[in-house]
Amino acid sequence: MRTAVVVFPGTNCEQDVAHALSSLGGEVELVWHRETDLSGFDGVVLPGGFAHGDYLRTGAIARFSPVMAEVERMAAQGLPVLGICNGFQVLCEAGLLPGALIANRDLAFICRFVDLEVVDNDSILTGSAEIGQRIRIPLNSYEGNWVDPGKTGRIVLRYLGDPNGSQHAAAGVANDGGNVVGVMPHPERGVDELLGSGDGRVLLEGFLHSLVPA
Amino acid sequence: MTDEEHESVLGLLGRDPRPAELAMYSVMWSEHCSYKSSRAHLRRFPTEAPWVVVGPGENAGVVDLGDGWLAALRIESHNHPSFVEPYQGAATGVGGILRDVFTMGARPIALWDQIRFGPLEDPKNRYLFNGVVSGIAGYGNAVGVPTVGGEIEFDPCYSGNPLVNVMCLGILRREQLVLGTAGSPGTVAVLLGRATGRDGIGGASVLASASFDDESQEKRPSVQVGDPFEEKKLIEACLELYDRGLVAGVQDLGAAGLSCATSEPAGRAGVGLDVDLDSVHVRETGMTAPELLMSESQERMMAFVPTDLVDEVLAIATKWEIDSAVVGTVRVGGTLTVRHQGEIVAEVPAASLADDAPIYDRPMRRPDWLDGLWATPVRILEGDAADILLRLLDDPALGSTAWVHEQYDHMLFLNTVVGPGSDGALIRVRGTDKGLAVSTDGNGRLCQLDPRDGSSRLVYEAALNVAVTGARPLAVVDNLNFGNPEKPEVMWQFKESVEGISAACEMLGIPVVGGNVSFYNETDGIDIHPTPVVGLLGLADPMPGTPPRLSRAEEGMEIWEIGPEANGNLSGTAAQRVIHDELTGRPTPPDPDAAEKVVALAADLAHRVPVLHDISDGGLAVAIAEVCIASQIGANVAETDNGRLFSEDPHRLIAVLEPHTVELPEGLSRKVGTIRGDSLVLGSSDPIDVRRLIETFEGAIPRRMAG
């Protein structure tokens, strides 16, 4: 079971995601955004950061990176595709998830722990968690405010409270099949109690469990 | 450049300098680049220790952490650009300090920002504060290096001249160390990164080395514009070059741009360099030779590469999607020759730009007003301790820094064990048992009253701040922010401060491995308080398994004060400022013996007690309140004397622990209270509900920024 962690120029959470997944027994490889063949992988993660600088609109350029054709193929085949923070923004831009992420309500970057609730566990991210389970992991974004005018998104994780104005307090959103998930807070930053929380483990374990042989 | 300096150039060259040569000397001999007013004094710093790998003079200091690991550290100021354009000024300060550290072969792992402004009641100061914090966040978050701490101070003396300092820490394996040398003849100079434009021309000389007046805003074109995305790619590309052993040396392009990045590495290596300005990749047309040589366009590095490895270097640049150009060749001899459009525009001894800058022994005079300040009695602190405490917690310099640090990514890399809002940050080194602790400390008011002892106290305070995380002090970098050095009183303050830092470092047995001097921090003839900022690196080896945290106090635990007993001196304290709006008296001098003992004791206790907290701004009362706030629990404190509750006498900390679990040394410790209930009770004053403490503390900055 191999997971590709995509590195765009400007991505900065790739090592953290690789470390967290590896510490949970995952087999992980970093792949550069120019890669055009992910056929050897059973799942893919788009990690956080500022892909291509994000000067235009978050994810707007990244969606045209060569690797995205393969990400789209995997999504269509029902393989696990997870976008964290900037990766969530890229998945929305690519049309793999509904809605868009706009600037936080208070127009300031937010980096702090937030409390979440699992509201749907039929997804590659929440599959190992119980409905109603409380999860405390860090949020770290400026454009984390999810809006979904079409109201087609399936919310799997909700904020307890309203840190950034996100519609329906959505923190994690899945496609209909549940195999494509975007999450704004960072589960990989919650795998070690020494750093404040181990609550992110159940989410990443869910992701690893959802990998099936290609 | 002064007439005398011009004469020196004439003497050096034996002829009239060409325009490009004059440009190079004027930026390289600026105060900012040459340290011409401070150099004579900086020699006082102790700089040697067995664990020093690279001392002052390179792009960053490097110390040995054991087991093949090294740490690189550096601190810099971006004061003047941040006043002229707060967002870009602060942002490019972050970019610059990162380059200083990854130039050494290190991966930057953490940043600390020390920022000082005038009172937030003034909308101009709110604009500057907001702009600087946004700039640090905008650059640091995007470049992908966590900002894990720093400090904030507000005082009217910074209204016309905010201070924006930034410190960076990097780690590397010993074999990855790279120096700023041009290598040997035949080596090729490869310019990497962003194209050169006209931004930041004369930044070092126009902005950083002159004082402010009403026309300062017109200097905005001299401020550089940052691009964290380019820097991120540049970091990754350079680290790959080092990994593969492709460079003989590297120099970043910061102040003085190409002038510095060509002359300094050549000077250090004792070689000459031929530079072709027509090869430099530019983003504007028609740039003149002086403009190309002085531009401070950001996100550029100069790599010195053996000829046979150039293709590999260019390929790596292409992979990371950064521009590159071969712009020079190292020659025998010591001449820096610069060509532009087929003509020689400069031909100077390379080393002369860095080494032959004038050194000024500027006149010094102890300020006449100092004795008067010392003789003025410090007013007694009257009134209810609870009221005083709440007023202190509502002060933006003492209240919660969350408004600031929650705008910074302080968690990236999964190493921030103790982060912002604590005494010192603690960063783990993964794959080892080691933790790196850093505290940055400044206190302009203390140093205004006593530049020598005040500066010593900063070092001791920083040492205690790292000790409470379990670390022993290892090395210091300093950022010396002062007024106009042409005034004898400012030079005296400077000399005294250097002496104070040196004395404390010697007492603790730690070296100064780098620093920065920022003079001319004055506006309309009014100098800032002398504001040295100390950044102290400590090593915890092993790191405590469960480090002390302010949030770990629980019902029934005892509160102990450790260190010399406070004598109630309120001179220079936060209480004197907030309650009386005065700055008088003479602060308690440091006690080096006590300092050493307390630092060693704290580093030991950090492995055994749940809460250890330095007593500093706001004294014992604020220290205990901060524990109550973080742990969301009350406390009973027996002390009834306002002087002793709010004094900031040095070398003291509190420990919170279960009764009878840890033996503390008699004479150096005393029980001062108990963790209990939902309210904080100071002596016989009214209880303060913990929720009120929290609201007051958390609201101090946001309520002012909303105004």
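## A seven-strand sheet

In chain B, 7 strands make an open sheet with mixed pairing, in the order β23-β25-β22-β26-β24-β27-β28. Its edge strands are β23 (611-614) and β28 (688-689) of chain B, each pairing on one side only. Strands here are DSSP runs of E with at least two residues, helices are runs of H or I with at least four, and both are numbered from the N terminus. Two strands pair if DSSP finds at least two bridges between them. Strand β27 (residues 679-682) of chain B is antiparallel to β28(B), and 2 bridges join them. Leu680(B) has Ile688(B) in β28(B) as its bridge partner.

Helix α21 (residues 592-605) of chain B lies across β22 (558-562), β23 and β25 (653-657) of chain B. It runs at about 25° to β25(B). Such angles run from 0 to 180 degrees between N-to-C directions, with axes fitted as lines to C-alpha atoms, for helices over the stretch in contact.

## About the model

This is a predicted model, in which local features need pLDDT of at least 70, side-chain atom pairs count only at pLDDT 80 or more, and totals for chains, interfaces and linings use all residues. Residues are numbered from 1 along each chain as its sequence is written, while chains are lettered from A and ligands numbered from 1 in the order in which they are written.

## Val656(B) in strand β25

Val656(B) is found in strand β25 of chain B. Val656(B) is buried, with 25 other C-beta atoms within 10 Å. A residue counts as buried if 20 or more other C-beta atoms lie within 10 Å of its own, exposed if 12 or fewer, and partly exposed in between; C-beta atoms are placed from the backbone.

Leaving out residues up to four places away in sequence, Val656(B) touches Ala553(B), Met557(B), Ile559(B), Pro610(B), Val611(B), Val627(B) and Ile675(B). A contact means that two C-beta atoms, placed from the backbone, lie within 7 Å. Pro548(B) is 108 residues from Val656(B) along the chain, yet their C-alpha atoms are separated by 9.5 Å.

## A six-strand sheet

Another open sheet of chain B has 6 strands in the order β14-β15-β16-β21-β17-β18, again with mixed pairing. β14 and β18 (512-518) of chain B stand at the edges with a single partner strand each, so one side of each has no neighbour in the sheet. From one strand to the next, the twist averages 25°.

Strand β16 (residues 435-442) of chain B is joined by 8 bridges to strand β21 (residues 531-540) of chain B, and the two run antiparallel. Ser439(B) is the bridge partner of Leu536(B) in β21(B). Helix α18 (residues 451-467) of chain B packs on this sheet, where it touches β16, β17 (472-481) and β21 of chain B. Its direction makes about 30° with that of β21(B). Helix α19 (residues 488-508) of chain B lies across β17, β18 and β21 of chain B, at about 175° to β17(B).

In β10(B), 6 of the 6 residues are buried, so the strand is largely enclosed by the rest of the structure. In a regular strand, side chains alternate between the two faces of the sheet. Arg300(B), Met302(B) and Phe304(B) point one way from β10(B), and Met301(B), Ala303(B) and Val305(B) the other. β7(B) runs antiparallel to β10(B), joined by 6 bridges. Strand β8 (residues 249-252) of chain B is also antiparallel to β10(B), with 4 bridges. Phe304(B) is the bridge partner of Ala189(B), and Gly249(B) stands opposite Phe304(B) too.

Helix α12 (residues 310-319) of chain B has Val313(B), Ile316(B) and Ala317(B) as its buried residues. They cover an arc of only 100° around the axis, which puts them on the same side of α12(B). This arc is that of the directions from the helix axis to the C-beta atoms. Asp311(B), Ala315(B) and Thr318(B) are exposed on the other side. Cover for the buried residues includes β7 (188-193), α9 (228-243), β10 (300-305) and β11 (324-331) of chain B.

## The whole chain and its partner

Chain B has 24 helices and 28 strands. Of its 707 residues, 65% are buried. Its C-alpha atoms fill a box of roughly 85 × 55 × 45 Å along the principal axes.

Chain B meets chain A through 20 residues, in contact with 20 residues of chain A. α7 (123-143), α9 and β14 (416-418) of chain B each supply at least two residues of that side of chain B.
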